[in-house]
Amino acid sequence: MPNELKIPEVGESITEVQISEWLKSEGDIVKQDEGVAVIDSEKTTFELPAPMGGRLTKILHKAGATVRVGEVIAHIESDGETAKAEPAEAKTDVESKPESKRPDESKSEATTEKAAEKTSPAEKPAKEREPDREKPKEEKGERAEVKKEEPKDRDEKETAPEEAQPENRQPARKTETKVPEAKPPTSAQPASAKPSADREEEVVPMTMLRRTVARRLVEAQQTMAMLTTFNEVDMSAVQALRKEHQEAFEKRYQAKLGLMSFFVKAAIDGLKQFPQLNAEIRENDIVYHNYFDIGVAIATERGLVVPVLRNAERLSFAELEKAIGDFAQRAKDGKLKPDELEGGTFTITNGGVFGSLLSTPIINPPQSGILGMHTIQERPVAVDGQVVIRPMTYLALTYDHRIVDGREAVLFLRRVKEIVETPARMLMEI
């Protein structure tokens with residue numbers, strides 16, 4: 001009996017998923033834990049591994065199909081069952097081949113064919129015996145004359161429209177009629193109208209992940225009183241620290257010292273001072289979290305994902321960098337686990353990696369705040385009464401004005417600025 005490949009549990013409240021792509025075809029040999037299909041859910045995209053090694057014998061649902069959690073989507077026969085099945089298949093193929101005809105049978109068939117050819121015309125069907133009857137020549141001649149006169153009539157009507165006018169009317173004046181220029185096809189045209197070669201369209205269904213992101217972002221804008229405040233940060237101190245300690249840090253921890261760990265540390269410091277930004281609304285209550293699960297937004301080809309750094313306040317710089325790097329790689333490969341995307345009390349997004357100078361990030365419900373980082377540019381700034389060139393970046397904080405007042409939002413962002421510009425504050429906790 002073949003083994004069943006089922007859709008596993010992919011998180012709370014998720015009952016359906018979509019088969020995005022089959023990585024294997026029917027008849028392919030698969031290894032245990034090897035990816036068989038790419039599955040899209042509301043929260044993540046992941047590869048479905050084979051529970052055992054064997055041959056993929058039957059695919060029950062095509063790519064693009066929506067299936068329920070726990071549903072069987074394919075059959076896999078283990079190695080032993082595959083080996084037993086092969087001789088039976090070979091036997092079936094042999095039995096299905098047509099038997100060769102004996103010489104006397106071939107001879108009788110040929111004799112039958114020759115006898116059929118010598119059948120008298122009287123024995124042929126009526127349709128075959130009826131000869132083509134020629135019509136009288138007079139009728140053919142009349143038709144020929146009609147055919148000859150038709151072009152003449154057409155020419156007279158086209159070249160002399162005045163003759164077709166009644167005698168009691170004046171001849172119509174010749175006017176030039178302008179033919180309207182051909183317009184490109186619009187949406188009002190029937191579906192049968194073929195667009196030109198340079199105006200082709202491609203219809204691609206949205207993945208479940210992208211549909212969920214779209215729905216939640218619209219929901220956030222409709223249910224929250226979102227407001228964004230801005231500040232700018234001098235990145236000179238952080239860049240100097242990274243340049244000075246990058247080699248030793250990477251040698252010891254096998255991870256690069258990036259920018260995100262500094263902002264995670266600074267955000268946690270600010271959240272401790274302004275807990276409204278680490279809270280959420282549940283009906284008529286405000287729920288304050290005494291832990292800091294920081295979501296890190298990562299853009300992938302399949303959509304935006306936000307894996308969560310659990311208890312980020314307990315992680316060191318090295319642990320943060322390793323965890324963020326691991327998230328980024330597995331998000332790219334579609335191997336994030338559903339539970340790694342659940343929850344989160346605050347989110348940080350970095351549009352600067354794509355060159356964004358300024359933006360207003362959207363809150364990830366039910367959180368009440370999100371911090372947006374942007375590209376670093378050398379700009380002239382005033383320092384101690386002098387104009388100097390410094391690596392500057394803009395920070396944006398979008399907050400839910402229902403529970404966060406402008407004062408807390410501005411002071412939180414100013415605290416993040418102070419921590420990043422003087423990283424020693426993190427060590428001395430001042």
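So, where is the place of D33? D33 sits in the loop between β3 (29–30) and β4, with helices here being DSSP runs of H or I of at least four residues, strands runs of E of at least two, both numbered from the N terminus.

Quick housekeeping before I go on. This is a predicted model, with local features needing pLDDT of at least 70 and side-chain atom pairs counting only at pLDDT 80 or more, while totals for chains, interfaces and linings use all residues. Residues are numbered from 1 along each chain as its sequence is written, and side-chain values use heavy atoms, leaving out hydrogens and water.

Okay, back to D33. Its phi is positive, about 70°, although D33 is not a glycine. D33 counts as exposed because its relative accessibility is 59%; the cut-offs are under 20% for buried, over 50% for exposed and partly exposed in between, with a 1.4 Å probe and protein chains only. E283 also has a positive phi, about 55°, and is not a glycine either. You'll find E283 in the loop between β10 (279–282) and β11 (285–288), and at 78% relative accessibility E283 counts as exposed.

P366 is in the loop between β16 (346–350) and β17 (369–373).

Now the sheet. Four strands make an open, antiparallel sheet in the order β5-β4-β2-β7, where pairing takes at least two DSSP bridges between two strands. At the edges are β5 (45–49) and β7 (66–68), each pairing on one side only. Inside the sheet, β2 (residues 16–22) and β4 (residues 35–40) pair antiparallel over four bridges, and W22 has A37 in β4 as its bridge partner. Lying across β2, β4 and β5 is helix α5 (residues 208–223), at about 135° to β2. Axes are lines fitted to C-alpha atoms, for helices over the stretch in contact, and angles run from 0 to 180 degrees between N-to-C directions.

Last stop, a helix pair. Helix α7 (residues 260–273) packs on helix α9 (residues 406–421) at about 140°, axes 9 Å apart. That makes α7 and α9 oblique to each other, the class left over once under 35 degrees is roughly parallel, over 145 roughly antiparallel and 65 to 115 roughly perpendicular.

Definitions and conventions
Contact means heavy atoms within 4.5 Å.
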